[in-house]
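Thanks for coming. I will take a few minutes to go through one structure, with the sequence and the model on the screen.

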Amino acid sequence: MDFFDTVNERRSIRHFTDDPVSRDDIEMILKAGITAPSAGNVQPWRFVVVKSDQARARLAAALDQKWAAAAPVSIVVCVDPRPSRGRYGDRGALLYSIQDAAAATQNMLLACVACGLASCWIGAFDEDAIRTSLGIKKPITPVAILPIGYSAQASGKQARRPLSEVSAWT
């Protein structure tokens with residue numbers, strides 16, 4: 001698939017089939033995540049792959065979004081702020097590490113499309129509830145959650161604001 005086709009095909013999908021996602025596909029998605037840029041090449045991201053029925057149910061309960069449990073796998077994108085803080089101080093810990101995780105997350109979303117899979121970026125959650133449900137120890141911080149599977153919904157095109165509204169040329 002062409003890069004721009006991949007970008008244009010990406011959708012936020014919240015309904016999944018029961019079909020399993022292969023370990024090879026999961027590893028390809030994770031590898032796409034680690035190819036993302038990071039400030040100073042610190043690579044502060046950490047990924048928790050949630051695959052068992054019990055862990056998926058705990059994650060969905062902590063999210064208070066039951067639909068997420070229907071995905072056969074979820075990836076919790078986390079950061080360890082310590083290396084970023086060590087290199088860049090508070091700005092590294094509070095901003096750069098989050099930007100790095102966001103770049104990894106977007107790469108993984110695009111990798112899902114390239115693998116014929118679907119996902120949705122979940123950012124609305126209680127960090128402590130996610131930590132407790134999956135045994136994630138501080139200072140590791142959950143940043144995004146990606147339920148991943150095969151889409152069970154029609155994928156229409158989402159409206160986007162025109163470039164003239166969101167860009168300025170100088």
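This is a predicted model: local features need pLDDT of at least 70, side-chain atom pairs count only at pLDDT 80 or more; totals for chains, interfaces and linings use all residues.

Let me begin with a question: does Cys112 count as buried or exposed? At 1% relative accessibility, Cys112 counts as buried.

A disulfide needs two cysteine sulfur atoms within 2.5 Å. For Cys112, the closest cysteine sulfur belongs to Cys115 and lies 7.0 Å away, which is too far for a bond.

Next, the helices, starting with α3. This helix covers residues 53-63, and its buried residues are Ala55, Arg56, Leu59, Ala60, Ala62 and Leu63. Looking down the axis of α3, those buried residues fall within an arc of 160°, so they line one face of the helix. On the other side of α3 sit Asp53 and Gln54, which are exposed. What covers the buried face? The cover over the buried residues of α3 includes strand β1 at 45-50, strand β2 at 73-79, helix α5 at 127-134 and strand β4 at 141-149. After α3 comes Asp64, and its phi is positive, near 60°.

In α5, Ile130, Arg131, Ser133 and Leu134 are buried. Seen down the axis of α5, these buried residues fall within an arc of 165°, so they too line one face of their helix. They pack against β1, α3, β2 and β4.

Now to charges. Side chains of opposite charge can pair when their charged atoms come close. How many salt bridges does a search of the whole structure find? The search finds eight, and I will go through some of them.

One of them is in α5. Arg131 forms a salt bridge with Glu127, and the closest N and O atoms are 3.8 Å apart. Both residues lie in α5, four residues apart, about one turn of the helix. Arg131 is buried, with a relative accessible area of 9%, whereas Glu127 counts as partly exposed at 36%.

Another one is in helix α2, residues 23-34. There the side chains of Arg23 and Glu27 meet in a salt bridge, at 3.0 Å from N to O. Arg23 and Glu27 are four residues apart in α2, so about one helical turn separates them. Arg23 is exposed, with a relative accessible area of 63%, and Glu27 is partly exposed at 30%.

The next pair is Asp80 and Arg46, which form a salt bridge with their closest N and O atoms 3.9 Å apart. This pair links distant parts of the chain: Asp80 is in the loop between β2 and α4, Arg46 is in strand β1, and they are 34 residues apart. Asp80 counts as buried at 7% relative accessibility, while Arg46 is partly exposed with a relative accessible area of 34%.

Phe4 is in helix α1, residues 3-9, and it counts as exposed at 58% relative accessibility.

Gln153 is partly exposed, with a relative accessible area of 27%. Leaving out residues up to four places away in sequence, Gln153 touches Ser12, Ile13, Arg14 and His15. By contrast, take Ile130, which is one of the buried residues in α5. The C-alpha atoms of Gln153 and Ile130 are separated by 27 Å, and the two residues are 23 residues apart along the chain.

That is what I had. Thank you.

Conventions
Residues are numbered from 1 along each chain as its sequence is written. Side-chain values use heavy atoms; hydrogens and water are left out. Buried means under 20% relative accessible area, exposed over 50%, partly exposed in between (1.4 Å probe, protein chains only). Helices (H or I, at least four residues) and strands (E, at least two) are DSSP runs, numbered from the N terminus. The arc is that of the directions from the helix axis to the C-beta atoms. Contact means heavy atoms within 4.5 Å. A salt bridge is a side-chain nitrogen of Lys or Arg within 4 Å of a carboxyl oxygen of Asp or Glu.
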